[in-house]
Structures are given as C-alpha cells and as structure tokens.
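User: Hi! I'm new to looking at protein structures, and I'd like to go through this one with you. Could you help me?

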Amino acid sequence: MQTTNLFARYLIRVEISWQHNRQITAIRRALRLIFPLVLLGSLADFINQAWLQTDGYYYQTLHVVKWVLRLRLAREYLRLISAGTLGLTAVLMAFAVSFYLVASSTQHTTDRLMAGITAVISLKFFNVNRASVLALRPIKWLSTDLGLTGVLMGILIGLLVGNSYRWCLNRQQADEADLGLTLTVTSGWILGTAALGLLWIGTQTTSVNAIFTSMMRWPFHLPHFIMGLAGFSVLTSLYQWLGLLGPITVGGQSMESAQNLAAVLNHHGWQLPHPVTLHTIVNVYAEFGGSGMLLGLLFAIFLVRGAHQQQRVGWLSLVPTLGNLGAPLMVGVPVILSPLLGIPFLLAPLATISVSWLCVRFAWVPAVAYPLATGTPGPLLAYLGTGGSWSALALALVDLAISTAIYYPFVKWQQVAQVEGGAVHEA
Amino acid sequence: MKRRGLFLLVLLVLLCVPGFLWQPHQAATVRANYRSYLDPIILVPGSSATQNRFNALVKELNHETPKTHSLLRVEVMTDGTLKYSGTLQSGDEHPFIVIGFQNHHDGYRNILKQAQWFATAFKQLQATYHFNHFSAMGHSNGGLILTLFLEDDLAATHAHADRLMTIATPFNLEEADPDVDTPLFKRLESGRKRLPHELVVYSIAGSKTYTGDGIVPFDSVNRGKYLFQDQVKAFTQITVTGANANHADLPENQQIVGLICQDILP
C-alpha cells in the first residue's frame with residue numbers, strides 16, 4: 001500500500017500488533033461468536049420498539065395498530081427473544097473470552113469449558129439480589145446487568161478467569177486431563193469470587209455497572225455549553241468502545257425537554273427556553289445509527305472497495321443500524337476495542353456536535369422540541385423533532401456526510417490491517 | 001462500490017417517506033398525546049373543613065414517599081377570588097394543591113355552588129401553572145365537588161383527569177334508605193355519561209358500625225358504582241374498618257394513607 005501515509009502506516013501497525021495480542025484475539029473471537037445472537041436480538045428489539053410500541057416511528061407513521069393482529073402477543077414474543085439474546089450477552093462474553101484464552105493452551109475440552117463456566121459463575125456472583133443474600137432468604141439472581149451494558153464486565157471477568165486458568169494449565173506437565181487441577185482452579189476461583197461478591201454487596205448498595213454509569217453522570221448534570229456536550233460525547237464513546245453498550249441517560253434532562261415542548265405548544269412561534277441541551281444536540285445530531293454516528297461507519301464500509309468481510313457484517317446489520325441500534329456493528333465489525341476504528345468513533349460525534357451546536361446556538365436551525373419516535377431513521381430525527389424544518393434536515397444530512405468522511409479513511413486502513421494481519425490472526 | 005452506497009442512500013430515503021407523509025399530522029398527534037410536566041394532586045376537603053384540613057395528611061404522605069412534594073393551599077372566596085398560602089416549588093412534578101372554600105357549609109345548593117367555585121379555581125390554577133393533567137382526592141363532600149366538576153366542567157378545560165379517589169363520599173347525601181334518590185344523586189346520575197373514560201376511580205368507605213362510618217351511611221357511598229361503573233376505565237370500591245374508621249378520621253387512617261400512596265401518587 002503505497003498510497004497510505006506515515007500516520008496511516010503507524011495506525012495500521014498498531015492495529016495489527018493489537019490484533020495479535022492474545023487477550024485481544026480472545027475478545028475478538030468472542031465478539032464474533034456472539035454476533036449472530038446480538039444481531040437476532042437487535043432485530044427483535046428494533047421490530048418491537050419501532051413497529052409495535054406506541055412511541056415507535058413505524059407504529060406512528062404507518063398506523064400499525066390498525067392492521068397488525070395480536071399486537072400484544074407479538075410484543076411479548078419479541079421481548080422474550082430480545083431478553084434471551086441481548087439480555088445475556090455479558091454471560092456469553094465472559095464464557096467465550098475465558099474459553100478462547102484457555103483454548104490455545106490445552107487440548108482438553110473439559111478444561112476449556114470449565115474455564116468458561118467458572119467465568120459465568122464468577123460474573124453471577126456480582127449479579128445477585130442483595131437483600132436475598134443478606135437476609136438469608138432463598139437467593140435471587142439478577143439479570144439487569146447481564147445485557148449489553150454488561151459486555152465490559154463480561155470481558156473483564158473472562159480475562160481474569162481465563163488468564164489465571166491458563167497460567168495454572170501451563171504449570172502442569174501431564175498431557176492427560178487432570179481432575180485434581182480442574183477442581184483446584186475452579187474451586188479456588190469460585191470461593192474467591194463468591195467472597196468478593198459478598199464483600200461487594202455487603203458494602204455497596206449498587207451494582208458494578210451502576211458505578212460505571214454514575215461516573216458518567218456526575219460531571220455533566222446540565223451540560224448546556226459545548227464543552228459539556230463534547231465531554232459527555234467523549235465519555236460515552238469511550239465507554240461504548242470499551243464495551244458498555246447500553247443506552248446511557250443523564251438525569252435532569254426530561255424537565256428541560258418538557259419545558260421546551262410546553263413552550264412550543266402553549267405559545268405561537270418556535271421559541272424554546274432551552275435550545276441547547278444533550279437532547280437537542282447529542283441525541284438528535286450525533287447518534288445516527290446508534291451512539292458514535294455508526295450510520296456514517298455503515299456508509300463508509302459500503303463505499304470502501306473490497307472490504308468484503310466488513311460489508312457482510314454491514315449488510316446483516318443494515319436494518320438495526322437504520323433504526324439506530326448500533327450493537328450489531330459494534331460487535332460485528334468489531335468497533336469494540338479496535339484502536340483504529342476507535343479514533344473516528346470518538347471524532348465523528350464530536351465533529352457533528354460542534355457543527356450542530358454552532359447552528360442551533362446561533363439559531364440558524366431551530367432546536368428540537370417534539371418528542372422523538374424510537375427507530376426514526378437518523379437524519380429524519382431533526383426534521384420530525386422540529387415539526388418539519390427543512391434546515392434541520394439539511395443540517396442532519398451535512399452531519400451524516402461529515403461522519404461518513406471521517407470514517408472513510410479509517411475503514412480503508414482497517415481493511416489493510418485485516419489483509420496484512422489476517423493470516424496470523426486466523427491461525 | 002458506488003452502487004452499494006447508492007443503495008443505502010435510496011433505502012434511507014425510502015424509510016423516511018412515511019415520516020414525510022405523516023409530518024402534516026404530527027402537530028395534532030403531539031398535541032393530543034401531550035402531558036404537561038406538572039401533574040398536581042388536587043385535594044378537596046369535605047364540608048365544615050378548610051384548606052388546612054390536609055396539612056397533617058400531606059406531612060404523613062411526604063414521610064411515606066421518597067420525594068417530598070410541596071403543598072399549595074387555595075381558598076376560594078364567595079366572590080370567586082383566590083387566596084393562596086403555601087408554596088409550589090419549581091421542579092416539583094407532583095405537588096399537592098388543596099382547594100377549600102370560604103363558604104364550606106353542607107347542603108345540596110351549597111355543594112353545587114362549591115363545584116362552581118372549584119371550577120373557577122381550577123381554571124385559574126391551570127392558567128398560572130400550565131398543567132393539563134392531574135389526579136384528585138376528595139374527602140366526604142369534596143368527592144361530590146370533584147365528581148360534579150368532572151361531569152360538568154372538565155371538558156371545557158381540556159385537562160385530563162388520571163386518577164380520582166373519593167373517601168367516604170355520600171353520593172346519595174345522608175340518605176340511608178336505598179329506595180330514595182336525593183336530587184343530588186339524580187343530578188350526578190344524569191351527567192355520568194360525561195365522566196372521562198380514561199379516569200381510574202377508587203371509592204373508599206369507612207365502616208364503624210355495620211351501616212356506615214358514623215355520619216355517612218354505607219349505602220350512600222355504595223351509590224358510587226351507579227355513577228362510575230362501566231363509565232370510567234376502572235372503578236374500585238374499598239371498605240376500611242378498625243381504628244380511625246369513623247367519618248372525620250378517615251384521611252388520617254393509616255390504611256387509607258397507604259392506599260393514597262399506592263393508588264393516587266404516581
């Protein structure tokens with residue numbers, strides 16, 4: 001590749017060496033493993049939210065209630081599918097990461113599976129109903145943090161368990177499966193993490209994930225100024241890149257949105273008391289296709305010549321991404337823990353936030369006041385949110401173009417990295 | 001490569017088409033589904049009680065709930081002017097608003113007048129605080145005033161009533177004979193079709209003796225079913241006995257405080 005410059009060469013080298021790291025390889029293989037489940041769950045989620053819920057885009061615009069039979073049954077069915085797939089991603093990640101880490105060190109399936117199982121049990125020790133443990137009642141397991149928000153936690157537990165298991169396996173010489181070793185390592189881990197889990201729920205009232213997300217919230221209570229918006233965006237992107245995939249919400253916003261809507265409905269003209277909020281800028285102009293402007297990534301993938309594997313993921317993720325569910329692309333490409341794609345993932349929303357903030361701040365474009373329907377195609381959010389402002393739609397399209405342009409070179413380099421590093425990676 | 005990008009663009013535009021077609025109807029939909037941030041809980045005391053009647057109850061309720069709600073008291077004078085006391089804190093989504101009357105005497109004619117004054121107060125509060133939905137609780141005749149308001153004046157205010165709780169409300173006044181209909185009951189029954197269909201109603205009766213709470217006959221409270229049943233979204237009747245089950249003590253009855261927390265507070 002003669003066309004790529006020095007900076008690109010450097011990035012590609014970092015990406016390749018990153019991909020060859022044992023830990024990263026295990027994580028990427030685990031992500032590839034759970035991709036079909038994430039895709040299926042996201043599709044179910046998309047249909048449920050956008051087509052069957054009263055605040056869904058297609059529900060409202062296509063009058064779904066008039067022609068779909070057994071609406072309630074369909075909702076129940078899809079919610080169950082989504083809970084069984086997306087709702088368990090953290091468990092699957094913990095299992096798979098631990099499994100793949102051990103896989104390279106042993107031929108015995110028992111050891112590989114046991115490493116995965118130990119990771120799952122360890123993860124569950126942190127997801128248990130606090131009151132049921134402390135009051136000596138029958139134990140109730142929680143499932144709230146096992147979904148997309150828990151992917152990071154799953155990865156961490158998987159890495160911890162997998163590495164320690166591998167370390168023990170490497171210490172033993174015998175070739176045949178050693179029941180004693182399996183028992184020692186497994187029980188060691190389970191006794192240890194059970195104690196840690198008990199320590200956690202004995203001293204903390206919130207879950208580990210809640211700590212992560214509250215760290216997100218405290219500096220940005222009312223980020224009306226551009227630095228607040230940018231800071232929020234950077235932190236969101238960082239979390240998502242690390243694997244905290246769930247939606248992150250900030251308190252204190254609903255009241256301002258309510259006041260904006262009240263002002264528009266009670267007075268003539270489009271005068272908003274709070275034109276610049278997280279909702280009017282970030283949610284509307286920086287989350288096409290999900291957090292991080294993933295719709296731009298999808299366009300870039302489709303425009304880059306020869307990125308076949310990514311294009312296959314792109315085609316599969318097409319529907320959820322157009323409904324602003326980013327999880328399939330995050331897991332499938334993967335964007336999670338990819339240094340090369342992490343850069344545009346951070347920069348694209350920052351760029352669109354800056355441009356949009358400028359336009360809304362100086363009232364070149366009206367701010368959004370109407371409630372946004374779930375699953376609305378990204379660029380249409382602003383148009384419908386402003387009650388049909390063409391300038392808002394134009395701004396959204398500009399934002400889409402900017403984000404595509406930012407993603408484009410990185411997708412190209414990513415493809416180079418995959419071609420150059422692929423052979424070793426697959427081995 | 002161009003073709004794939006173009007395809008995506010065309011698909012994006014196609015998905016936007018329903019949005020463009022729907023957009024002209026959007027404003028009407030938004031307006032119809034709009035609920036103000038402020039969603040007050042309006043409390044109306046019974047006859048002979050003032051706007052201070054519920055001070056203790058509100059204190060008790062604030063003690064029970066995780067968030068403290070502010071209390072605004074309004075006294076409607078006989079000439080229709082309002083006298084305010086207490087505060088409505090900004091940012092409080094569900095404040096309590098007590099509406100009492102300068103003329104708080106009992107009697108059919110007076111209750112009709114009080115319902116008129118209530119409507120006046122409601123419209124003024126609505127104009128000041130811009131709310132378009134609320135829940136309400138009325139003790140004794142307060143429940144009658146609220147029911148009359150819901151039948152006669154609610155539609156004109158364009159507000160949505162979410163939940164109503166009446167406590168020992170005598171829908172047939174003090175009449176204990178089930179075969180006698182008082183003029184008030186006839187009036188309420190004639191207007192029942194105008195009760196909002198989205199409303200959820202709880203009617204609570206106190207039972208001190210086997211026939212009533214000491215003042216209001218049980219049969220009179222029981223008449224509520226002829227007004228609300230099959231007319232509102234849901235109608236629940238509850239009978240409370242035990243300590244504090246006589247008429248005047250009902251709002252402080254612990255069971256009823258629990259029911260208010262559970263059913264009226266959001």
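User: Which side chains does B:R194 meet in a salt bridge, say with B:D152, and at what N to O distance?
Analyst: The side chains of B:R194 and B:D152 meet in a salt bridge at 3.0 Å, N to O. A salt bridge here is a side-chain nitrogen of Lys or Arg within 4 Å of a carboxyl oxygen of Asp or Glu. Keep in mind that this is a predicted model, where local features need pLDDT of at least 70, side-chain atom pairs count only at pLDDT 80 or more, and totals for chains, interfaces and linings use all residues. Residues are numbered from 1 along each chain as its sequence is written, chains are lettered from A and ligands numbered from 1 in the order in which they are written, and side-chain values use heavy atoms, with hydrogens and water left out.

User: Where do B:R194 and B:D152 lie?
Analyst: B:R194 lies in the loop between helix 6 (183–190) and strand 7 of chain B, and B:D152 in helix 4 (residues 141–152) of chain B, so the pair ties together parts that are 42 residues apart in sequence. Helices (H or I, at least four residues) and strands (E, at least two) are DSSP runs, numbered from the N terminus. Salt bridges that share partners also join B:D152, B:R187 and B:R194 into one network.

User: New topic! In what order do the strands of the open sheet in chain B run?
Analyst: Eight strands form it in the order 3-2-4-1-5-6-7-8, with mixed pairing. Two strands pair if DSSP finds at least two bridges between them. The edge strands of chain B are strand 3 (82–86) and strand 8 (234–240), each pairing on one side only.

User: How do strand 1 and strand 4 of chain B pair?
Analyst: Strand 1 (residues 41–44) and strand 4 (residues 96–101) of chain B pair in the parallel sense over three bridges. The bridge partner of B:I42 in strand 4 of chain B is B:I97.

User: Last one: how many helices and strands does chain B have, and what share of its residues is buried?
Analyst: Chain B comes to nine helices and eight strands. Of its 266 residues, buried ones make up 56%. The C-alpha atoms of chain B fill a box of roughly 85 × 40 × 40 Å, taken along the principal axes.

Note on methods: Buried means under 20% relative accessible area, exposed over 50%, partly exposed in between (1.4 Å probe, protein chains only).
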